[in-house]
Amino acid sequence: MFSWANKDGKKKDPELFQTVSDGLKRLYRTKLFPLEDTYRFHDFHSPALEDADFDNKPMVLLVGQYSTGKTTFIRHLMEQDFPGMRIGPEPTTDSFIAVMHGEQEGLIPGNALVVDPKKPFRKLNAFGNAFLNRFICAQMPNPVLDSISIIDTPGILSGEKQRISRGYDFAAVLEWFAERVDRIILLFDAHKLDISDEFSEVIRALKNHEDKMRVVLNKADQIGTQQLMRVYGALMWSLGKIVNTPEVIRVYIGSFWAQPLLVPDNRKLFEAEEQDLFRDIQGLPRNAALRKLNDLIKRARLAKVQAYIISSLKKEMPNVFGKENKKKELIANLGEIYAKIEKEHQISPGDFPKLSKMQEVLAGQDFTKFQGLKPKLLEAVEDMLANDIAKLMTLVRQEEAAMPSQAVQGGAFDGTMNGPFGHGYGEGASEGIDELEWIVARDKPTYDEIFYTLSPVNGKVSGAMAKKEMVKSKLPNNVLGKIWKLADVDKDGYLDDEEFALANHLIKVKLEGHELPADLPDHLVPPSKRGQ
């Protein structure tokens, strides 16, 4: 049994992610890497993982066409400029910038970055100097960067010339990052929704990572409500043609910078959307271990399929003559080989690599050096998926429960968490939270008139009598049941005039589209019950 799964009472490492990372590193090195190495997984799909890939903080990748506000978005989150930052209406960011935490503010150039074993970027040296000259790390002390790292990318332009002139495979670099980051945010400008050829290629390169993708429709304060509806619909239609998934990608609408809103009509919508996006990003540190676990499982499934494909090709190759012709024939008929493996080993079609890409890489391979099927290597991976991952998942849950909730702090994340400018403050059940007068008292005379028509006994109405009035709201029974539970403050099964007024106030809150609180807030407790 691995040391990280011991239950014998020995002292565990108090760092949740470090402990789970150690388990993942050991599983990868001892069980998955041998299979990958034998069947040339790293030549076809993704470079070998290193310790830094398991130890690094959660990363957020920002992708979008030029002038969609990617760099401004980062500055908005951190509420601070970062080294190497350039903002403008024209294409300004021409480099990949990894914004990471550091004690001293400064820049690390790409060639130095990829030789640092503590950074998860060593395998990027495969993209050559053309890329490394356009890759830097901006380090700075910032509370947001204590929990996450952010990757800013060059603005995507249109046209074949732009793609070629980069000097490196832009889509392949983004795909490399996509495999390793925790969240991919695609930014769109409300004024230019045209998705260029290169952007379409990039989005397709991110396939199989749809679970990490979120879409931000930025600069939405520059248009009115009617235009915004049309723009949102056009964006969803465009994305639907490129991202072929049955689920709709989550789109956040807003204006992610610290400037006054040009058209404030949709202020509440923007506030709600920003809070939803912030909650999503703040949850990344808490879910980082599960994400790494999930990515390792996806990688293991692909490595198994790779082993079946390579061993099948090896099996079909002749021993002496006609090797080159047979190689061409096998590549041309790779789809049939896929179908045969799928049927023989009961593998889902979605687990197979893209056919055209596989054929392209196979054309440059020497089939005579391929290995035949080695059951022991596959059994080790099967054992990892069936047993070790389940034990590690249990450890993740145990240590999550033992540790305080982790969330991204600082920067824009602290701006609207508490106080009167927190989302929903003073609305719905929170109305009257900072007033001396009981907020229900404003409408209590109206509620009292109804109360006394219900024939109260000893100043109280029974549940049956109250129900006759409450069902007139046409709210479902489960909602009315919750309202009754909140309003019956003294839990005696009856409502006095204050409790009845409170019940009607909560009905009004619900009818206005607000959520009910889980527990009755202090400011809604009837004055006569506050001493109890």
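Biologist: Which residues does serine 147 touch, not counting residues up to four places away in sequence?

Modeller: A contact means heavy atoms within 4.5 Å. By that rule, serine 147 touches Lys57, Pro58, Pro285, Ala407, Val408 and Gln409. Please note that this is a predicted model, in which local features need pLDDT of at least 70 and side-chain atom pairs count only at pLDDT 80 or more, while totals for chains, interfaces and linings use all residues. Residues are numbered from 1 along each chain as its sequence is written, and side-chain values use heavy atoms, with hydrogens and water left out.

Biologist: Where does serine 147 lie, and is serine 147 buried or exposed?

Modeller: Helices (H or I, at least four residues) and strands (E, at least two) are DSSP runs, numbered from the N terminus. Serine 147 lies in the loop between strand 4 (135–140) and strand 5 (149–152). Buried means under 20% relative accessible area, exposed over 50%, and partly exposed in between, with a 1.4 Å probe and protein chains only. Serine 147 has a relative accessible area of 18% and therefore counts as buried. In the protein, buried residues make up 48% of the 532 residues.

Biologist: What pLDDT does the protein average, and where is confidence lowest and highest?

Modeller: pLDDT is the predictor's confidence in each residue, from 0 to 100. The protein averages 84, and 89% of the residues score at least 70. Confidence is lowest in helix 7 (residues 160–165), with a mean of 52, and highest in strand 5, at 94. Over residues 1–18 the pLDDT is below 50, although this stretch has 33 contacts in the model beyond near neighbours in sequence.

Biologist: How many aromatic pairs does the structure hold?

Modeller: A pair of aromatic rings is described by the distance of the centres and the angle of the planes. Rings of Phe, Tyr and Trp (its six-membered ring) pair if their centres lie within 6.5 Å; planes under 30 degrees apart count as stacked, over 60 as edge-to-face and the rest as tilted. The structure holds 19 such pairs. One of them joins phenylalanine 121 and phenylalanine 135, edge-to-face, at 5.3 Å centre to centre and 85° between the planes. Phenylalanine 121 is in the loop between helix 5 (110–113) and helix 6 (128–132), whereas phenylalanine 135 is in strand 4, 14 residues apart. Both belong to one aromatic cluster, whose members include Phe96, Tyr168 and Trp176.

Biologist: Which residues touch the most other members of the largest nonpolar core?

Modeller: A nonpolar core is a set of buried Ala, Val, Leu, Ile, Met, Phe, Trp, Tyr and Cys residues joined through side-chain atoms within 4.5 Å. The largest has 49 residues, and Phe121, Phe177, Leu186, Phe188 and Leu217 touch the most other members. Helix 8 (residues 170–180) gives the most to this core, with six residues. Apart from it lies another core, of 44 residues, among them Leu24, Ala289, Leu330 and Leu395.

Biologist: Which value of phi does serine 67 have, and where is serine 67 found?

Modeller: Most residues other than glycine have a negative phi. Phi of serine 67 is near 60°, a positive value, and serine 67 is found in the loop between strand 1 (59–64) and helix 4 (70–78). Asparagine 458 also has a positive phi, near 55°. Serine 67 counts as buried at 18% relative accessibility, whereas asparagine 458 counts as exposed at 77%.
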